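Hi,

Here is the structure I promised to pass on.

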Amino acid sequence: MSAHSFGSDNHSGGHPEVIEAVLAANEGHAPGYGADPWTARVEELFREHLGPQASAFVVFNGSGANVAALRALGRPYDAVICPASAHLNVDECGAPERIAGVKLLTAECPDGKLTPELAESRITGVGDEHAVQPRIISISQSTELGTVYEPSEIAALAELAHEREMLLHIDGARLCNAAASLGVELRELVTDVGVDALSFGGTKNGLLLGEAVVLMRPEHAADFRFLRKQTLQLASKMRFISAQLEALLGGDLWLRAAGNANRMAGRLGAAIEALDGATLAHPVQANGVFAWLPDPAIDGLLETMPGDPPFHRWPSSERVEGSSLIRLLCSWDTSEADVDELAGAIADCLG
Ligand SMILES: Cc1ncc(COP(=O)(O)O)c(C=O)c1O
(Lines give C-alpha, C1' and ligand atoms only; values in the text may rest on other atoms or scores of the structure.)
Protein backbone atom coordinates (compact mmCIF):
# COMPACT_ATOMS: atom_id res chain seq x y z
CA MET A 1 0.00 0.00 0.00
CA SER A 2 1.31 3.47 -0.77
CA ALA A 3 2.25 5.91 1.98
CA HIS A 4 -0.17 8.31 3.60
CA SER A 5 0.01 11.68 1.84
CA PHE A 6 -0.77 15.10 3.21
CA GLY A 7 -0.62 16.54 -0.31
CA SER A 8 -4.38 16.91 -0.59
CA ASP A 9 -7.61 15.57 0.83
CA ASN A 10 -8.21 14.03 -2.57
CA HIS A 11 -5.23 11.71 -2.17
CA SER A 12 -7.29 9.46 0.10
CA GLY A 13 -9.53 6.76 -1.30
CA GLY A 14 -13.25 6.27 -0.87
CA HIS A 15 -14.67 5.67 2.61
CA PRO A 16 -15.67 2.00 3.09
CA GLU A 17 -19.32 3.01 3.67
CA VAL A 18 -19.25 4.87 0.37
CA ILE A 19 -17.72 1.92 -1.45
CA GLU A 20 -20.39 -0.32 0.08
CA ALA A 21 -23.09 2.04 -1.20
CA VAL A 22 -21.63 1.94 -4.70
CA LEU A 23 -21.52 -1.85 -4.63
CA ALA A 24 -25.12 -1.99 -3.41
CA ALA A 25 -26.15 0.34 -6.26
CA ASN A 26 -24.47 -1.97 -8.76
CA GLU A 27 -27.46 -4.30 -8.92
CA GLY A 28 -29.35 -4.67 -12.15
CA HIS A 29 -30.45 -1.77 -14.31
CA ALA A 30 -31.68 1.72 -13.45
CA PRO A 31 -32.64 4.70 -15.59
CA GLY A 32 -29.82 7.10 -16.50
CA TYR A 33 -29.29 10.84 -16.15
CA GLY A 34 -30.70 11.11 -12.63
CA ALA A 35 -34.07 9.45 -13.16
CA ASP A 36 -33.09 6.77 -10.63
CA PRO A 37 -34.22 6.22 -7.02
CA TRP A 38 -30.76 7.01 -5.52
CA THR A 39 -30.80 10.49 -7.04
CA ALA A 40 -34.38 11.09 -5.88
CA ARG A 41 -33.33 10.16 -2.33
CA VAL A 42 -30.28 12.44 -2.49
CA GLU A 43 -32.42 15.35 -3.63
CA GLU A 44 -34.67 14.67 -0.65
CA LEU A 45 -31.68 14.44 1.70
CA PHE A 46 -30.51 17.87 0.59
CA ARG A 47 -34.00 19.20 1.34
CA GLU A 48 -33.83 17.57 4.78
CA HIS A 49 -30.45 19.14 5.51
CA LEU A 50 -31.00 22.54 3.91
CA GLY A 51 -34.77 23.09 3.81
CA PRO A 52 -37.58 22.58 1.29
CA GLN A 53 -36.32 25.33 -1.01
CA ALA A 54 -33.02 23.52 -1.68
CA SER A 55 -32.84 22.13 -5.23
CA ALA A 56 -29.86 19.82 -5.55
CA PHE A 57 -28.23 18.76 -8.80
CA VAL A 58 -25.63 16.01 -8.72
CA VAL A 59 -22.44 16.78 -10.64
CA PHE A 60 -18.99 15.26 -11.17
CA ASN A 61 -16.48 17.70 -9.73
CA GLY A 62 -15.91 20.90 -7.84
CA SER A 63 -14.73 23.17 -10.63
CA GLY A 64 -17.72 22.05 -12.70
CA ALA A 65 -20.06 22.70 -9.78
CA ASN A 66 -18.68 26.21 -9.36
CA VAL A 67 -18.82 27.06 -13.04
CA ALA A 68 -22.33 25.68 -13.49
CA ALA A 69 -23.56 27.50 -10.37
CA LEU A 70 -22.08 30.79 -11.58
CA ARG A 71 -23.74 30.28 -14.96
CA ALA A 72 -27.08 29.92 -13.19
CA LEU A 73 -26.61 33.09 -11.14
CA GLY A 74 -24.86 35.42 -13.56
CA ARG A 75 -25.84 37.33 -16.67
CA PRO A 76 -23.37 37.64 -19.60
CA TYR A 77 -22.10 41.01 -18.37
CA ASP A 78 -21.78 40.10 -14.70
CA ALA A 79 -18.81 39.84 -12.38
CA VAL A 80 -18.04 37.71 -9.33
CA ILE A 81 -16.31 39.16 -6.28
CA CYS A 82 -14.09 36.60 -4.55
CA PRO A 83 -10.89 36.35 -2.54
CA ALA A 84 -7.70 36.36 -4.64
CA SER A 85 -6.91 32.97 -3.08
CA ALA A 86 -10.24 31.46 -4.26
CA HIS A 87 -10.11 28.12 -6.09
CA LEU A 88 -12.25 29.89 -8.69
CA ASN A 89 -9.46 32.37 -9.29
CA VAL A 90 -6.31 30.28 -9.03
CA ASP A 91 -7.16 26.65 -9.65
CA GLU A 92 -9.80 26.42 -12.36
CA CYS A 93 -7.72 27.27 -15.42
CA GLY A 94 -9.86 30.32 -16.16
CA ALA A 95 -13.02 28.18 -16.48
CA PRO A 96 -15.24 30.74 -14.68
CA GLU A 97 -14.16 33.36 -17.23
CA ARG A 98 -14.07 31.05 -20.25
CA ILE A 99 -17.09 28.86 -19.60
CA ALA A 100 -19.32 30.86 -17.24
CA GLY A 101 -18.29 34.10 -18.98
CA VAL A 102 -18.00 36.05 -15.75
CA LYS A 103 -15.21 38.41 -14.79
CA LEU A 104 -13.64 37.75 -11.40
CA LEU A 105 -13.07 40.80 -9.22
CA THR A 106 -10.62 39.67 -6.57
CA ALA A 107 -9.75 41.05 -3.17
CA GLU A 108 -6.57 40.26 -1.23
CA CYS A 109 -7.72 38.42 1.90
CA PRO A 110 -4.73 37.56 4.12
CA ASP A 111 -6.59 34.79 5.96
CA GLY A 112 -8.55 33.66 2.89
CA LYS A 113 -11.77 35.22 4.20
CA LEU A 114 -13.69 37.93 2.41
CA THR A 115 -15.28 40.61 4.58
CA PRO A 116 -18.15 42.95 3.69
CA GLU A 117 -15.65 45.85 3.62
CA LEU A 118 -13.36 44.05 1.17
CA ALA A 119 -16.31 42.97 -0.97
CA GLU A 120 -17.75 46.48 -0.94
CA SER A 121 -14.45 47.87 -2.24
CA ARG A 122 -15.00 45.85 -5.44
CA ILE A 123 -18.61 46.94 -6.00
CA THR A 124 -18.06 49.70 -8.53
CA GLY A 125 -19.55 50.73 -11.85
CA VAL A 126 -23.06 49.60 -10.99
CA GLY A 127 -25.40 50.81 -13.74
CA ASP A 128 -22.49 51.97 -15.91
CA GLU A 129 -22.79 50.28 -19.28
CA HIS A 130 -19.01 50.45 -19.70
CA ALA A 131 -18.38 48.34 -16.62
CA VAL A 132 -19.05 44.73 -15.67
CA GLN A 133 -21.85 44.46 -13.17
CA PRO A 134 -20.87 42.99 -9.80
CA ARG A 135 -23.56 40.38 -9.32
CA ILE A 136 -22.22 37.52 -7.23
CA ILE A 137 -20.10 37.26 -4.11
CA SER A 138 -18.38 33.89 -3.88
CA ILE A 139 -16.60 32.57 -0.82
CA SER A 140 -15.11 29.19 0.04
CA GLN A 141 -16.13 27.47 3.27
CA SER A 142 -13.77 26.29 4.63
CA THR A 143 -11.30 28.54 2.83
CA GLU A 144 -8.32 27.61 0.70
CA LEU A 145 -6.15 28.65 3.67
CA GLY A 146 -7.86 26.33 6.14
CA THR A 147 -9.83 29.02 7.91
CA VAL A 148 -13.55 28.93 8.62
CA TYR A 149 -16.25 31.60 8.38
CA GLU A 150 -18.52 31.94 11.42
CA PRO A 151 -22.23 31.84 10.46
CA SER A 152 -22.49 35.55 11.38
CA GLU A 153 -19.70 36.40 8.92
CA ILE A 154 -21.56 34.64 6.10
CA ALA A 155 -24.79 36.35 7.12
CA ALA A 156 -23.07 39.74 6.90
CA LEU A 157 -21.87 38.97 3.37
CA ALA A 158 -25.34 37.77 2.36
CA GLU A 159 -26.85 40.95 3.78
CA LEU A 160 -24.45 43.11 1.78
CA ALA A 161 -25.08 41.06 -1.37
CA HIS A 162 -28.84 41.31 -1.07
CA GLU A 163 -28.78 45.01 -0.20
CA ARG A 164 -26.87 45.57 -3.43
CA GLU A 165 -29.09 43.27 -5.49
CA MET A 166 -26.37 40.66 -5.63
CA LEU A 167 -26.23 36.95 -4.77
CA LEU A 168 -24.05 34.89 -2.45
CA HIS A 169 -22.43 31.68 -3.66
CA ILE A 170 -20.50 29.28 -1.46
CA ASP A 171 -17.79 27.02 -2.80
CA GLY A 172 -18.42 24.28 -0.28
CA ALA A 173 -15.82 21.77 -1.44
CA ARG A 174 -15.10 21.52 2.31
CA LEU A 175 -18.41 22.69 3.75
CA CYS A 176 -18.65 19.56 5.92
CA ASN A 177 -15.25 20.35 7.45
CA ALA A 178 -16.46 23.84 8.32
CA ALA A 179 -19.68 22.54 9.88
CA ALA A 180 -17.78 19.90 11.86
CA SER A 181 -15.33 22.53 13.05
CA LEU A 182 -18.07 24.89 14.23
CA GLY A 183 -20.28 22.14 15.60
CA VAL A 184 -23.24 23.30 13.52
CA GLU A 185 -25.67 21.73 11.07
CA LEU A 186 -25.08 22.31 7.35
CA ARG A 187 -28.25 24.39 7.29
CA GLU A 188 -26.72 26.91 9.71
CA LEU A 189 -23.98 27.72 7.18
CA VAL A 190 -26.29 27.93 4.18
CA THR A 191 -30.04 28.39 4.53
CA ASP A 192 -30.07 30.18 7.87
CA VAL A 193 -27.52 32.77 6.74
CA GLY A 194 -29.00 33.70 3.36
CA VAL A 195 -26.80 31.78 0.91
CA ASP A 196 -28.28 31.68 -2.60
CA ALA A 197 -26.23 28.90 -4.19
CA LEU A 198 -23.86 26.24 -2.96
CA SER A 199 -21.29 23.96 -4.55
CA PHE A 200 -21.45 21.04 -2.12
CA GLY A 201 -18.32 18.93 -1.87
CA GLY A 202 -18.21 15.16 -1.52
CA THR A 203 -14.91 14.17 -3.11
CA LYS A 204 -12.76 15.66 -0.35
CA ASN A 205 -14.86 13.99 2.32
CA GLY A 206 -14.78 10.30 1.49
CA LEU A 207 -16.43 10.02 -1.92
CA LEU A 208 -14.67 8.50 -4.91
CA LEU A 209 -16.01 11.46 -6.80
CA GLY A 210 -19.15 13.54 -6.69
CA GLU A 211 -20.44 16.95 -5.72
CA ALA A 212 -23.74 18.78 -6.03
CA VAL A 213 -24.92 22.23 -7.00
CA VAL A 214 -27.62 23.34 -4.59
CA LEU A 215 -29.76 26.29 -5.64
CA MET A 216 -31.85 27.99 -2.99
CA ARG A 217 -34.01 30.15 -5.27
CA PRO A 218 -36.58 28.61 -7.63
CA GLU A 219 -35.75 31.07 -10.41
CA HIS A 220 -32.20 29.68 -10.58
CA ALA A 221 -33.26 26.05 -10.22
CA ALA A 222 -36.00 26.12 -12.85
CA ASP A 223 -33.76 25.69 -15.89
CA PHE A 224 -30.59 24.53 -14.24
CA ARG A 225 -30.77 21.03 -15.73
CA PHE A 226 -30.05 22.56 -19.14
CA LEU A 227 -27.04 24.43 -17.79
CA ARG A 228 -25.76 21.28 -16.05
CA LYS A 229 -25.88 19.33 -19.31
CA GLN A 230 -24.34 22.15 -21.33
CA THR A 231 -21.57 22.50 -18.73
CA LEU A 232 -20.82 18.77 -19.24
CA GLN A 233 -21.77 17.89 -15.67
CA LEU A 234 -24.67 15.51 -16.33
CA ALA A 235 -23.65 11.95 -15.44
CA SER A 236 -25.41 9.25 -17.41
CA LYS A 237 -24.91 6.59 -14.71
CA MET A 238 -25.76 9.13 -12.04
CA ARG A 239 -26.91 6.49 -9.56
CA PHE A 240 -23.27 5.76 -8.69
CA ILE A 241 -22.55 9.36 -7.65
CA SER A 242 -25.92 9.66 -5.92
CA ALA A 243 -25.39 6.43 -3.98
CA GLN A 244 -22.18 7.93 -2.59
CA LEU A 245 -23.85 11.22 -1.64
CA GLU A 246 -26.65 9.23 -0.02
CA ALA A 247 -24.09 7.35 2.08
CA LEU A 248 -22.53 10.67 3.09
CA LEU A 249 -25.72 12.57 3.95
CA GLY A 250 -28.13 9.80 4.94
CA GLY A 251 -26.55 9.41 8.37
CA ASP A 252 -23.67 11.16 10.08
CA LEU A 253 -20.85 10.06 7.79
CA TRP A 254 -20.43 13.66 6.56
CA LEU A 255 -19.69 14.68 10.14
CA ARG A 256 -17.58 11.67 11.15
CA ALA A 257 -15.38 11.86 8.06
CA ALA A 258 -14.86 15.63 8.24
CA GLY A 259 -14.52 15.54 12.02
CA ASN A 260 -11.66 13.06 11.80
CA ALA A 261 -9.84 15.12 9.18
CA ASN A 262 -10.25 18.26 11.31
CA ARG A 263 -9.09 16.54 14.51
CA MET A 264 -5.99 15.21 12.80
CA ALA A 265 -5.20 18.66 11.41
CA GLY A 266 -5.59 20.08 14.93
CA ARG A 267 -3.17 17.47 16.28
CA LEU A 268 -0.68 18.17 13.48
CA GLY A 269 -0.98 21.94 13.94
CA ALA A 270 -0.32 21.65 17.67
CA ALA A 271 2.73 19.43 17.07
CA ILE A 272 4.17 21.83 14.48
CA GLU A 273 3.51 24.88 16.64
CA ALA A 274 5.57 23.31 19.41
CA LEU A 275 8.63 22.99 17.16
CA ASP A 276 11.40 25.58 17.12
CA GLY A 277 11.83 26.90 13.58
CA ALA A 278 8.27 26.21 12.41
CA THR A 279 5.45 28.74 12.46
CA LEU A 280 1.80 28.28 11.69
CA ALA A 281 0.67 30.75 9.04
CA HIS A 282 -3.03 30.51 9.86
CA PRO A 283 -5.09 29.14 12.71
CA VAL A 284 -5.97 25.50 12.12
CA GLN A 285 -9.77 25.61 11.91
CA ALA A 286 -10.60 22.79 9.50
CA ASN A 287 -8.53 20.02 7.90
CA GLY A 288 -5.63 22.10 6.59
CA VAL A 289 -2.36 23.11 8.24
CA PHE A 290 -0.30 25.91 6.72
CA ALA A 291 3.17 26.36 8.15
CA TRP A 292 6.33 28.30 7.41
CA LEU A 293 9.43 26.11 7.47
CA PRO A 294 13.04 26.83 6.51
CA ASP A 295 13.72 25.76 2.90
CA PRO A 296 16.46 23.24 3.81
CA ALA A 297 14.04 21.49 6.17
CA ILE A 298 11.36 21.37 3.45
CA ASP A 299 13.85 20.01 0.92
CA GLY A 300 14.93 17.37 3.45
CA LEU A 301 11.34 16.36 4.12
CA LEU A 302 10.49 16.11 0.43
CA GLU A 303 13.50 13.87 -0.08
CA THR A 304 12.94 11.57 2.85
CA MET A 305 9.17 11.38 3.22
CA PRO A 306 7.13 8.89 1.26
CA GLY A 307 4.08 10.11 -0.63
CA ASP A 308 3.86 11.57 -4.09
CA PRO A 309 4.09 14.39 -3.14
CA PRO A 310 3.86 14.15 0.66
CA PHE A 311 2.73 17.82 0.74
CA HIS A 312 2.89 20.99 -1.33
CA ARG A 313 4.86 24.23 -1.09
CA TRP A 314 2.05 26.79 -1.21
CA PRO A 315 2.10 30.19 -2.92
CA SER A 316 1.93 33.17 -0.61
CA SER A 317 2.00 36.91 -1.16
CA GLU A 318 3.98 37.11 2.09
CA ARG A 319 7.74 36.55 1.95
CA VAL A 320 9.79 35.05 4.74
CA GLU A 321 13.51 35.04 3.86
CA GLY A 322 14.86 31.49 3.55
CA SER A 323 11.49 29.89 4.33
CA SER A 324 8.49 28.68 2.37
CA LEU A 325 4.88 28.05 3.17
CA ILE A 326 3.75 24.43 3.05
CA ARG A 327 0.21 23.07 3.01
CA LEU A 328 -0.67 19.84 4.78
CA LEU A 329 -4.19 18.48 4.38
CA CYS A 330 -5.72 15.71 6.47
CA SER A 331 -8.35 13.29 5.21
CA TRP A 332 -11.16 11.15 6.59
CA ASP A 333 -8.63 8.33 6.96
CA THR A 334 -5.68 10.21 8.47
CA SER A 335 -4.67 8.51 11.72
CA GLU A 336 -2.89 9.74 14.83
CA ALA A 337 0.05 7.54 13.83
CA ASP A 338 0.22 9.24 10.39
CA VAL A 339 0.24 12.65 12.06
CA ASP A 340 2.83 11.69 14.66
CA GLU A 341 5.09 10.22 12.01
CA LEU A 342 4.93 13.42 9.97
CA ALA A 343 5.47 15.63 13.01
CA GLY A 344 8.50 13.50 13.95
CA ALA A 345 9.92 13.80 10.43
CA ILE A 346 9.49 17.60 10.52
CA ALA A 347 11.21 17.74 13.92
CA ASP A 348 14.13 15.67 12.54
CA CYS A 349 14.51 17.89 9.48
CA LEU A 350 14.49 21.01 11.64
CA GLY A 351 17.37 19.39 13.50
C1 LIG B 1 -11.94 25.26 -2.50
C2 LIG B 1 -12.06 24.25 -3.59
N3 LIG B 1 -13.10 24.33 -4.43
C4 LIG B 1 -13.31 23.43 -5.38
C5 LIG B 1 -12.43 22.38 -5.55
C6 LIG B 1 -12.80 21.31 -6.52
O7 LIG B 1 -12.03 21.10 -7.55
P8 LIG B 1 -12.11 19.85 -8.55
O9 LIG B 1 -12.56 20.43 -9.82
O10 LIG B 1 -10.70 19.40 -8.58
O11 LIG B 1 -13.05 18.82 -8.03
C12 LIG B 1 -11.30 22.28 -4.74
C13 LIG B 1 -10.31 21.21 -4.97
O14 LIG B 1 -9.15 21.33 -4.69
C15 LIG B 1 -11.10 23.24 -3.73
O16 LIG B 1 -10.05 23.17 -2.91
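Helix α11 is largely enclosed by the rest of the structure, because 10 of its 12 residues are buried. Buried here means that 20 or more other C-beta atoms lie within 10 Å of the residue's own; exposed means 12 or fewer, partly exposed is anything in between, and the C-beta atoms are placed from the backbone. Helices (H or I, at least four residues) and strands (E, at least two) are DSSP runs, numbered from the N terminus.

Before you go further: this is a predicted model, where local features need pLDDT of at least 70, side-chain atom pairs count only at pLDDT 80 or more, and totals for chains, interfaces and linings use all residues. Residue numbers start from 1 along each chain as its sequence is written.

Back to α11. Its buried residues are Arg239, Ile241, Ser242, Ala243, Gln244, Leu245, Glu246, Ala247, Leu248 and Leu249. They pack against α1, α2, β1, β7 (211-215) and α12 (253-273). For contacts, the cut-off is C-beta atoms, placed from the backbone, within 7 Å of each other.

The partner I looked at in detail is α2. Two packed helices are described by the angle between their axes and the distance between the axes. For α2 and α11 the angle is about 35°, and the axes are 8 Å apart. (Axes are lines fitted to C-alpha atoms, for helices over the stretch in contact, and angles run from 0 to 180 degrees between N-to-C directions.) On the α2 side, Trp38, Thr39, Arg41, Val42, Leu45 and His49 make the contact, while α11 brings Arg239, Ser242, Ala243, Leu245, Glu246, Leu249 and Gly250. By class that gives six nonpolar, four polar and three charged residues. (Ala, Val, Leu, Ile, Met, Phe, Trp, Tyr, Cys and Pro count as nonpolar, Asp, Glu, Lys and Arg as charged, and the others, Gly among them, as polar.)

Now α1 (residues 16-25). Which of its residues are buried? Val18, Ala21 and Ala25 are. They sit on the same side of α1, because they cover an arc of only 60° around the axis, the arc being that of the directions from the helix axis to the C-beta atoms. Pro16, Leu23 and Ala24, on the other side of α1, are exposed. Both α2 (37-50) and α11 (239-250) are included in what covers the buried residues of α1.

Two loop alanines are worth a click. Ala54 is in the loop between α2 and β1 (55-59), and it is buried, with 23 other C-beta atoms within 10 Å. Not counting residues up to four places away in sequence, Ala54 touches Phe46, Arg47, Val214 and Met216. Ala235 is in the loop between α10 (224-230) and α11. Is Ala235 buried or partly exposed? It counts as partly exposed, because it has 19 C-beta neighbours inside 10 Å. Ala235 and Gly32 are 203 residues apart in sequence, but 7.9 Å apart in space, C-alpha to C-alpha.

Lastly, the domains, whose bounds come from an automatic or database domain assignment: domain 1 is 16-253 and domain 2 is 256-350. Their contact takes 17 residues from domain 1 and 17 residues from domain 2. On the domain 1 side, helix α8 (residues 175-182) gives the largest share, five residues.

Cheers

Methods: Contact = placed C-beta atoms within 7 Å.
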